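Good morning, and thank you for coming. I would like to walk through one structure with you, and I ask you to keep it in view as I speak.

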Amino acid sequence: MEQKINIKNTYCQSEDVVAREIHGEFIIIPITSGIGDLEDELYTLNETGKNIWDRLDGKKSLKEIAMELSKEFDAPLEEIEKDVAGLTEELLVRRIVLEV
Amino acid sequence: MKTNFITSKPLPAFELWEKTKDKSPLYSFEMEITERCNNDCTHCYINLPAGDNEAKRKELSLKGFKPIVDEAVEMGAMWCLLTGGEPLLREDFFDIYLYLKKKGLLISVFTNATLITEEHIKFFKKYPPRDIEVTVYGVTEKTYEKVTRRTGTFKLFMKGLERVLKNNIKVRFKAMALRSNVHELPEIARFCRERTKDYFRFDPFLHLRYDRNEKRNKEIISERLSPKEIIEIEKNDSERFDSLKKSCDKLIMPSACEKTCNHLFYCGAGQGSFNISSDGIFRLCSSLFHPSCVYDLKRGSLKDAWYNFVPKVREFRSDSKEFLERCHICPLINLCIWCPAHAHLETGEMDRYVEYFCSVAQSREKMLTEKL
């Protein structure tokens, strides 16, 4: 199911998942049923994904997150915005993040 | 092109296992949250009566378990098995389970299913376990209750199981092959396989009680099948026999004879997982009760137990001629229930030979090599 992402909106991590870093792997583990699309699967985030995830605090908009990351990694804002929106969309579909 | 930030993978495909395989990390742990059980099975190595107040008093509360769980999670544990006794006897079962869940652990539960209520089902549906393993003692009232020695438990078992199955909670089955139910084993296997997509396993290997209760140990011995009976049931179960046959080259290891050191532990004890008893005692595996191999977590930390105590235990050596010339170099060790833990339960020593175990292993070897 496609979810519309608005870069001006704010999103937060769902309380129905736990994020853990184990031996350098960043893993998202569902606590309740109905998270994700497949049973018995866990989710891993790559380094960029983790940087975005850490900032999905329900306070900053995606635009603000993208600006922060663009500054921190000295990368073009437009590209970062695409990445931030792309990941948030994937997480939203799986109910791993929620719109505030 | 769309960038992939997030990947979903089934557990066995995780890179984590490959990454950590040479580092002896902690993957999982078992929590025996009670030694008490509502059944009184003849073959059980741990069960105490459900109303045993002394046993109940010794059980760690959730508050007592919390620092151990926190450390285990911090050290990277992914799985936790909740077992007993019968874990559902704990009045705070839901609280313990939920605490583990919220720490990001995958949870398995071992249960006899007799205490599963609609409330459990509602809870498990909301907070799914990785799996529930139900032990099946018989598929008729007479056999089931001959093992459990509790009237009415068969009906409760069937009701509990029906609830689990009706609600599609992931279940797998285990049966102990006993003198009391061996006549029903094929029906038990059929019953289980018809009801799970996951595996069914049966275990004909009974080890003795950790509390060395003589009366109860005699009952366990009386439930043991003879080597001949064990190979008969293994041969007659094509699934089990095929899988034994497939891994025959790993199960029989002529290279074991070439061992030159005198280490006691060659098994997986303390390798990737550990066990906590209901009163907070750390063990390297569920059967290893030798006093020199246990660590009281009420007086120390899990990190100390895991990083300092475990390596010391795994360094234990034996100079026993009997051990060095028999079990230590035996190519049949993987077909045998012998290990330092089971030898201790049987004989009081971790490096003693056990004739019954050896006879079973030799019969199994004969079965596998004859059929090949």
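**Cysteines, a helix and a sheet**

A:Cys12 is partly exposed, at a relative accessible area of 21%; buried means under 20% relative accessible area, exposed over 50%, and partly exposed in between, with a 1.4 Å probe and protein chains only. Please note that this is a predicted model, in which local features need pLDDT of at least 70, side-chain atom pairs count only at pLDDT 80 or more, and totals for chains, interfaces and linings use all residues. Residues are numbered from 1 along each chain as its sequence is written, chains are lettered from A and ligands numbered from 1 in the order in which they are written, and side-chain values use heavy atoms, leaving out hydrogens and water.

How many disulfides are there over all chains? The count is 0, where a disulfide is a pair of cysteine sulfur atoms within 2.5 Å. For B:Cys327, the nearest cysteine sulfur belongs to B:Cys336 and is 6.6 Å away. B:Cys327 is buried, with a relative accessible area of 9%.

Let us turn to helix 2 of chain A. Helices (H or I, at least four residues) and strands (E, at least two) are DSSP runs, numbered from the N terminus. Helix 2 of chain A, residues 62-73, has 12 residues and reaches 16 Å from its first C-alpha to its last, close to the 16 Å expected at 1.5 Å a residue; the expected span is 1.5 Å times one less than the number of residues. Which residues of this helix are buried? They are A:Leu62, A:Ile65, A:Ala66, A:Leu69 and A:Ser70. These residues lie on the same side of helix 2 of chain A, because they cover an arc of only 135° around the axis, taken from the directions from the helix axis to the C-beta atoms. In general, an α-helix has 3.6 residues a turn, so residues three or four places apart point the same way. Just after helix 2 of chain A, A:Asp74 has a positive phi of about 50°.

Finally, the sheet in chain B. Its 9 strands form an open sheet with mixed pairing, in the order 9-8-7-6-5-2-10-11-12; two strands pair if DSSP finds at least two bridges between them. Strand 9 and strand 12 (294-296) of chain B stand at the edges with a single partner strand each, so one side of each has no neighbour in the sheet. Strand 11 (residues 281-283) of chain B runs antiparallel to strand 12 of chain B and is joined to it by 3 bridges. B:Ile281 stands opposite B:Asp296 in strand 12 of chain B.
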